[in-house]
Amino acid sequence: MKKSVLAFGALALGVAFSAPAMAADVSACLITKTDTNPFFVKMKEGATAKAKELGVSLKSYAGKVDGDSESQVAAIESCIADGAKGILLTASDTKGIVSSVKKARDAGVLVIALDTPLEPADAADATFATDNLLAGKLIGQWAKETLGDKAKDAKVGFLDLTPSQPTVDVLRDQGFMMGFGIDPKNPDKIGDEDDKRIVGHDVTNGNEEGGRKAMENLLQKDPSINVIHTINEPAAVGAYQALKAVGMEKNVLIVSVDGGCPGVKSVKEGVIGATSQQYPLLMASLGIEAIKKFADSGEKPKPTEGKSFFDTGVSLVTDKPVAGVKSIDTKEGTDKCWG
């Protein structure tokens, strides 16, 4: 997997267009949450490369910020009007966008959710994603084993994504709790837990600034906090910055999900203890292949056997392995990283 990240220009409303490699009858759309997060940059790189290879005309759209569902709804409308055969979507509002997705499917457009399942998941024709529940479990198990007996008295904080609680946010949170030994209560909801070890939840919008502010808020609630679960690595870096500002960076164990090259570097440097690595380029390239196959034959993609979605894989990355939790080190993580 190439390490280089393509630079993409963004137009006024957060929309970027990829020029097709050739005139083609098959057109597709990629709609991501933002066009700045390295995860979505790599996703776009994968979709663009595969579209060029298969002769698919691709248009790419993105929200202005994580949580900008209005721009995603407008993008779906544009894709329908343009006669796209398929849409690859990472939804900011996994419930609110369902009616727009239905409109696209009713128009004969194949809709594939990437990374973030819709609510309900079958609102899309298929989902290509990391097993986000497993990603959360892996870092939860690692944190529990790393703390040992101290885990029973831990003070845990959660740096989540947005107030709308998209599925990816819920799955990672609940997975971490299961792995750490916390009862998540309602598996479809964040914040209803009653475990006394939980200091609280705050939202980050998936970026460094949000992570810093959310960490500051949780420190005000309980300055003895010593475990932080973050929705992604940019939020984790922001949390570390807030901790360092008050001299607490060595007192708090931070875990995350993403596996981008900057995140793996943060694991190597000790900023993040462990992260669950996912593979966005693969998600997007497989999505384009599925759209091309659908356009040619009418066949829709099938989920991984035994699962409700197509699983694109996850690996725990840490230089401090623990017994009973399979992991790879930062050297191997760097070989597989993105961004």
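What follows is a conversation about the packing, the spaces and some backbone details of a predicted model.

Reader: Before we start, what should I keep in mind about the numbering and the cut-offs here?

Author: Residues are numbered from 1 along each chain as its sequence is written, and this is a predicted model in which local features need pLDDT of at least 70, side-chain atom pairs count only at pLDDT 80 or more, and totals for chains, interfaces and linings use all residues. Side-chain values use heavy atoms, with hydrogens and water left out.

Reader: Okay, aromatics then: how many aromatic pairs are there?

Author: The structure holds five aromatic pairs, where rings of Phe, Tyr and Trp (its six-membered ring) pair if their centres lie within 6.5 Å, and planes under 30 degrees apart count as stacked, over 60 as edge-to-face and the rest as tilted. In one of them, Phe39 and Trp338 have ring centres 5.2 Å apart and planes at 75 degrees, so this pair is edge-to-face.

Reader: Where do Phe39 and Trp338 lie?

Author: Phe39 lies in helix 1 (residues 38–54) and Trp338 in the segment after helix 10 (330–336), so the pair ties together parts that are 299 residues apart in sequence. Helices (H or I, at least four residues) and strands (E, at least two) are DSSP runs, numbered from the N terminus.

Reader: Is Phe39 buried or exposed, and what about Trp338?

Author: Phe39 is buried, with a relative accessible area of 3%, and Trp338 counts as buried at 1% relative accessibility; buried means under 20% relative accessible area, exposed over 50%, and partly exposed in between, with a 1.4 Å probe and protein chains only. Phe39, Phe40 and Trp338 form one aromatic cluster.

Reader: And how are Phe176 and Phe180 arranged as a pair?

Author: Phe176 and Phe180 are stacked, at 5.5 Å centre to centre with 15 degrees between the planes. Both lie in helix 5 (residues 167–180), four residues apart, about one turn of the helix, and both are buried. An α-helix has 3.6 residues a turn, so residues three or four places apart point the same way.

Reader: Switching to the largest nonpolar core, which residues touch the most other members?

Author: Of its 24 residues, Trp142, Ala143, Leu147, Val156, Phe176, Phe180 and Leu316 touch the most other members; a nonpolar core is a set of buried Ala, Val, Leu, Ile, Met, Phe, Trp, Tyr and Cys residues joined through side-chain atoms within 4.5 Å. The elements that give two or more residues to this core are helix 4 (132–147), strand 7 (156–160), helix 5 and strand 10 (253–258), and the largest share, six residues, comes from helix 4.

Reader: What does Trp142 touch, leaving out residues up to four places away in sequence?

Author: With contact meaning heavy atoms within 4.5 Å, Trp142 touches Leu253, Val255, Gly273, Ala274, Leu316, Thr318, Lys320, Val322 and Val325. A second, separate core of 23 residues includes Leu114, Ala284, Ile291 and Phe294.

Reader: Now helix 9: which elements do its buried residues pack against?

Author: They pack against strand 2 (27–32), helix 1, strand 3 (57–62), strand 4 (86–89), strand 5 (110–114) and strand 6 (126–129). Among the buried residues of helix 9 are Met283, Ala284, Ile288, Ile291 and Phe294. Just after helix 9, Gly298 takes a positive phi of about 80 degrees.
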